[in-house]
Amino acid sequence: MTNLKDKLSASVRQAKAEQDQTAPKPAAIKSATPPAAAKKAPPKKAAPKKAAPKKAAPKKAAPKKAVTKTVKRKPAAPKAAKPATAAKPATPKKAATQSPASGVADSGNALFPDRVWPD
Amino acid sequence: MATHIIAVINQKGGAGKTTVAMNLAAGLARRDDTLVLDLDPQASSRQWASLGSAPFPATVKQINGKWDAKTLHQNYKAYRHLVLDCPPSLESHASLQALRACDVALIPVLPSPIDLWASLRLPGEIEEARKTNKRLRAFLVLNQLEPKSALSAAMHDAIAEFGIPVLETGIRRRAIYRSAALEGVSVYQMGGRGALAAAEIEAIINEVIAS
């Protein structure tokens, strides 16, 4: 129990000491903030200017509308792609027809599967 | 008679600020007109009061925008007690103004080392606030104590490291506090089930008022 108390108290003291090491800096900053903030004020003005292009970037989001337009266009593209995709399976089919006939398309095996061909 | 202002404050979230503020206000409302000002954007106090089938004993309002100690005293002078439920941030306008305006800062702390470490900035902030608010008194109150827990028992010694007086009364971990919140009432309105909790709150009020 006393061990736990000591540990807890020690942890608080340690955290406090660590905070005190860092705390004077913010306090100093606080005391120095009025002039520092005043000095920093112009860059802050500059910052919004920098931010303005960032805002402009979202305006470029207007092109995103264009993107949505392109999204609208996309359905058109699949339409164009559909024949392409339809054509693509066609090529494997050709390959499939070629392979059973060992390279001869529309061979007798394909045309007359039931017929027994003489050797 | 001047309005007596109690700020329930801690930068750590989940320390029980709203629970303490609402039940404290309910206890104070048994004595005089009492207002809870919900300064937390999460608006938990307002939400709590809006849930009840029975009216909450104290009036609960939310403040938005900028305000200061003067406007607080002017606008709410009709109330004898003002309980400020502060947001979990010491940097916020609301917390800083609350410390400048209040007579008592009540700081709920959970019996956990993490909560202790997270609350270490408070003594400094209170010292800072005392430069403009000479009458400010601060008290730590241990919340959610578990009597059988060795850690809870060890807290009283560890918390002394803060250099802020600790209320003798601690608040025990009781389901009734959560049940009261769910029903939108205070522990005083929970009948026999809330009797022990209500006794704790009464003891805290007596300590704070007598101090």
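This is a predicted model: local features need pLDDT of at least 70, side-chain atom pairs count only at pLDDT 80 or more; totals for chains, interfaces and linings use all residues.
Which exposed residues sit on the face of α1(A) turned away from its buried side? They are A:T2, A:N3, A:D6, A:K7 and A:Q21.

Helix α1 covers residues 2–22 of chain A, which makes 21 residues. From first C-alpha to last, α1(A) reaches 30 Å, close to the 30 Å expected at 1.5 Å a residue. Its buried residues are A:L8, A:S9, A:S11, A:V12 and A:A15. Look down the axis of α1(A) and these fall within an arc of 155°, so they line one face of the helix.

The rest of chain A calls for some care. Chain A has four helices and zero strands, and from the N terminus on its elements run α-α-α-α. The average pLDDT of chain A is 53, with 19% of the residues scoring at least 70. Confidence in chain A is highest in α1(A), at 82, and lowest in helix α3 (residues 61–98), at a mean of 40. Over residues 25–102 of chain A the pLDDT is below 50, and beyond near neighbours in sequence that stretch has six contacts in the model. Of the 119 residues in chain A, buried ones make up 6%.

**Chain B: the sheet**

Over in chain B there's an open sheet of six strands, in the order β3-β2-β4-β1-β5-β6, with parallel pairing. The edge strands are β3 (59–62) and β6, each of which pairs on one side only. From one strand to the next, the twist averages 20°.

| Strand pair (chain B) | Bridges | Residue pairing |
|---|---|---|
| β1 (residues 4–8) and β5 | three bridges, parallel | B:V8 with B:L106 |
| β2 (residues 34–38) and β3 | four bridges, parallel | B:D38 with B:Q62 |

How many of the six residues of strand β5 (residues 104–109) of chain B are buried? Six of the six are, so β5(B) is largely enclosed by the rest of the structure. In a regular strand the side chains alternate between the two faces of the sheet. You can see that here: B:V104, B:L106 and B:P108 point one way from β5(B), while B:A105, B:I107 and B:V109 point the other way, and all are buried.

**Chain B: helices over the sheet**

Helix α1 (residues 17–29) of chain B lies across β1, β2, β3, β4 (81–85) and β5, and runs at about 170° to β4(B). Helix α7(B) lies across β5 and β6 of chain B, at about 160° to β6(B).

B:A153 belongs to helix α7 of chain B. Its relative accessible area is 36%, so B:A153 is partly exposed. The C-alpha atom of B:A153 is separated by 8.6 Å from that of B:P111, although the two are 42 residues apart along the chain.

**Chain B: a few loop residues**

Two loop residues have a positive phi without being glycine. For B:A43, in the loop between β2 and α2 (44–51) of chain B, phi is near 55°. B:A43 is buried, with a relative accessible area of 9%. For B:Q144, in the loop between β6 and α7 of chain B, phi is about 60°. B:Q144 counts as partly exposed, at 24% relative accessibility.

Leaving aside neighbours within four places in sequence, B:S186 is in contact with B:N23, B:A26, B:F56, B:P57 and B:A180.

Terms used
Residues are numbered from 1 along each chain as its sequence is written. Chains are lettered from A and ligands numbered from 1 in the order in which they are written. Side-chain values use heavy atoms; hydrogens and water are left out. Contact means heavy atoms within 4.5 Å. The expected span of a helix is 1.5 Å times one less than its number of residues. Buried means under 20% relative accessible area, exposed over 50%, partly exposed in between (1.4 Å probe, protein chains only). The arc is that of the directions from the helix axis to the C-beta atoms. Two strands pair if DSSP finds at least two bridges between them. Axes are lines fitted to C-alpha atoms, for helices over the stretch in contact, and angles run from 0 to 180 degrees between N-to-C directions. pLDDT is the predictor's confidence in each residue, from 0 to 100.
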